Amino acid sequence: MTSQPVLINGQWRASTGTETFQAINPATKETLSEVYPVSPWSEVEEAIDAAAAAFKTVRSYPVGRFADFLEAYAAKIELRIDEIVEAAHLETGYPVSPRLKDGEMVRTLDQLRQAADAARNQTWSLPTIDTKTNIRSMLGPIGPVAVFGPNNFPLAFNSISGGDFAAAVAAGNPVIAKGHPSHPRTTQLFAEIAQASCERSGLPAGFIQLIYRTSHEDGAKLVAHPKLGASGYTGSRHAGLVLKEAADRGGNPIYLELSSINPVFILPGALEERFSEVVDEFTGSCLMGTGQFCTNPGLVVVKAGDSAEEFINAVAAKFKATPAGTLLGEGVARSLRAGIVAIQQTGAQIVTGNEPADANRCSYANTLLRATGKSFIENPAGHQQEAFGNASLIVVADSDEEMLAIAELLEGNLTGCIYSDTEGKDDALYDSIAEELRRHVGRLINDKMPTGVAVSPAMNHGGPYPATGHPGFTAVGIPASIRRFASLECYDNVRSHRLPEVLRDENPHESLHRDIDGTMTTDDVK
């Protein structure tokens with residue numbers, strides 16, 4: 001069978017690769033008909049060369065052109081929403097509504113348009129002017145960016161439509177999208193629209209390119225290539241660290257979103273005050289999307305007592321009563337099972353689940369485990385194994401001191417949450433846990449589950465290792481996410497007409513805030 005074309009240097013063309021792959025429908029385990037190529041290194045290198053050439057061209061372009069592209073792209077996507085959503089539905093098993101069409105697609109379009117606004121106003125570039133020394137600096141585009149998308153967000157984190165893509169383009173960088181093999185057709189549709197939008201916006205060939213899959217070795221060579229500016233990656237810890245090692249050797253930055261169990265501490269007063277609400281919120285968050293969210297609550301800590309036992313029993317009952325959802329593929333099901341087994345080996349006990357749910361689709365029973373605080377403290381790494389999917393571990397601590405000790409032993413996470421009594425009964429315990437938990441998470445949450453990630457300027461979708469590879473950056477939230485794909489440019493005594501527009505004495509945009517002699521202002525340099 002003929003494989004689908006790749007997008008290299010502005011042209012859709014047959015791949016030179018001889019290896020191919022096909023996606024599956026995880027809801028039926030049927031192999032989908034389209035065949036896609038595994039690109040050889042020669043093809044990857046062609047894409048790198050084309051992106052490098054495009055970068056040289058666009059360095060002189062007005063920033064409005066990148067904004068125009070992102071807006072045109074979003075508008076063209078809207079004309080093909082049903083086609084894209086149907087492809088994503090077949091390749092992931094996610095429901096068309098509300099997950100894909102009403103949720104993820106809306107977020108995707110919003111991200112692209114927020115990135116367009118940021119590209120146009122340039123506040124993300126942090127222009128800084130010291131008039132006494134006549135030294136001026138700003139963040140500028142870093143160069144071609146390789147984006148590796150994950151399996152669990154076929155739209156909003158897709159390598160050619162998602163947050164990393166939008167951020168890289170907003171900074172003025174060409175993008176080499178490395179599609180995820182779980183949803184190649186979805187990615188291909190986005191790429192078709194992106195290429196048409198590039199042509200309409202006057203961007204050069206090679207500004208947006210797509211390869212579906214490479215060997216692991218070639219992926220490592222890609223992120224380390226001297227013509228590449230940076231990479232963005234969302235996926236497994238193991239694969240991400242392999243890429244990081246290669247990128248570090250090559251001297252290239254790579255921004256990783258890896259694994260996170262997102263601990264939730266439920267304090268005694270919260271259970272006494274609103275028991276049913278907490279049970280419902282945890283169950284809904286843990287099982288939403290079959291647990292395939294990077295902010296899924298995989299670890300819950302409660303204090304021993306009758307309320308804790310009632311909580312475990314109530315959650316177990318809801319897990320049993322809720323039909324198991326569809327996982328993204330057989331590999332995800334195997335990894336989920338392996339994660340559960342690894343947690344069991346610490347001495348944790350199965351409360352419910354831990355068995356295949358449906359032989360006709362990729363699924364696994366909703367699984368709840370429990371462990372003691374003592375066993376967690378004796379083996380914290382073992383209890384923090386990620387079981388990506390519809391599973392969670394409840395740790396029952398004997399005392400306040402044991403809850404705090406658990407918080408001290410946590411790995412880095414994207415989020416950490418504390419439920420407490422609204423009348424202040426838990427305040428002393430909250431204060432001690434929150435102070436420690438704050439060091440281990442990117443986003444500290446109160447009284448709600450972590451699953452939602454708003455595309456807000458204040459959002460941090462990052463955190464200490466191993467949640468990400470760098471604690472100072474976020475993968476969600478504009479303008480901060482754009483700054484990952486930028487380098488700091490400094491100009492010392494450079495004549496005004498040679499400076500980038502945002503560093504000249506006259507402020508080019510009424511809304512552009514610049515740091516002039518230590519004061520944030522929209523004024524011109526006096």
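## Local features of a predicted model

In this predicted model, S481 touches A167, T474, A475 and V476, leaving aside residues up to four places away in sequence; contact here means heavy atoms within 4.5 Å. S481 lies in the loop between β20 and β21; helices (H or I, at least four residues) and strands (E, at least two) are DSSP runs, numbered from the N terminus. With a relative accessible area of 2%, S481 is buried, where buried means under 20% relative accessible area, exposed over 50% and partly exposed in between (1.4 Å probe, protein chains only). Its C-alpha atom is separated by 37 Å from that of E423, a residue 58 places apart from S481 along the chain.

Residues are numbered from 1 along each chain as its sequence is written. Local features need pLDDT of at least 70 and side-chain atom pairs count only at pLDDT 80 or more, while totals for chains, interfaces and linings use all residues; side-chain values use heavy atoms, with hydrogens and water left out.

**Backbone features**

The loop between β20 (441-446) and β21 (486-492) also holds P479, and the peptide bond from I478 to P479 is cis. Two residues other than glycine, N262 and N493, have a positive phi. N262 is in the loop between β13 (254-257) and β14 and counts as buried at 0% relative accessibility. N493, in the loop between β21 and β22 (514-516), is exposed, with a relative accessible area of 56%.

| Site | Angle | Value |
|---|---|---|
| I478 to P479 | omega | near 20° |
| N262 | phi | near 50° |
| N493 | phi | near 60° |

**Helix α10**

Helix α10 (residues 306-321) has 16 residues and should span 22 Å at 1.5 Å a residue; its end C-alpha atoms are 23 Å apart, which agrees. The expected span is 1.5 Å times one less than the number of residues. Buried in α10 are A308, F311, I312, V315, A316 and F319. These residues cover an arc of only 130° around the axis, which puts them on the same side of α10; the arc is that of the directions from the helix axis to the C-beta atoms. The buried residues of α10 pack against several elements, including α9 (268-287), β15 (299-303) and β17 (367-372). On the face turned away from the buried side, α10 carries the exposed residues D306, N313, K320 and A321.

**Surroundings of S39**

S39 is in the loop between β6 (36-37) and α1 (41-58), and at 1% relative accessibility S39 counts as buried. The side chains of S39 and E43 are joined by a polar contact of 2.6 Å, that is, a pair of N or O atoms within 3.5 Å; within protein, one must be able to donate a hydrogen and the other to accept it, and residues adjacent in sequence count only if both atoms are side-chain atoms. Not counting residues up to four places away in sequence, S39 touches V6, S15, V44, I211, R213, T214 and D218.

**Cavities**

A cavity is a set of points on a 1 Å grid over the protein atoms alone where a 1.4 Å probe fits but cannot get out; lining residues have an atom within 4 Å of a point. Of the 18 residues that line the largest cavity, I261, G298, E386, A387 and A391 are the closest to its centre. Strand β18 gives the most to this lining, with 3 residues.

Methods. 1 Å grid on protein atoms, 1.4 Å probe; cavity = no way out; pocket = protein on both sides within 12 Å on 5 of 7 lines; lining within 4 Å.
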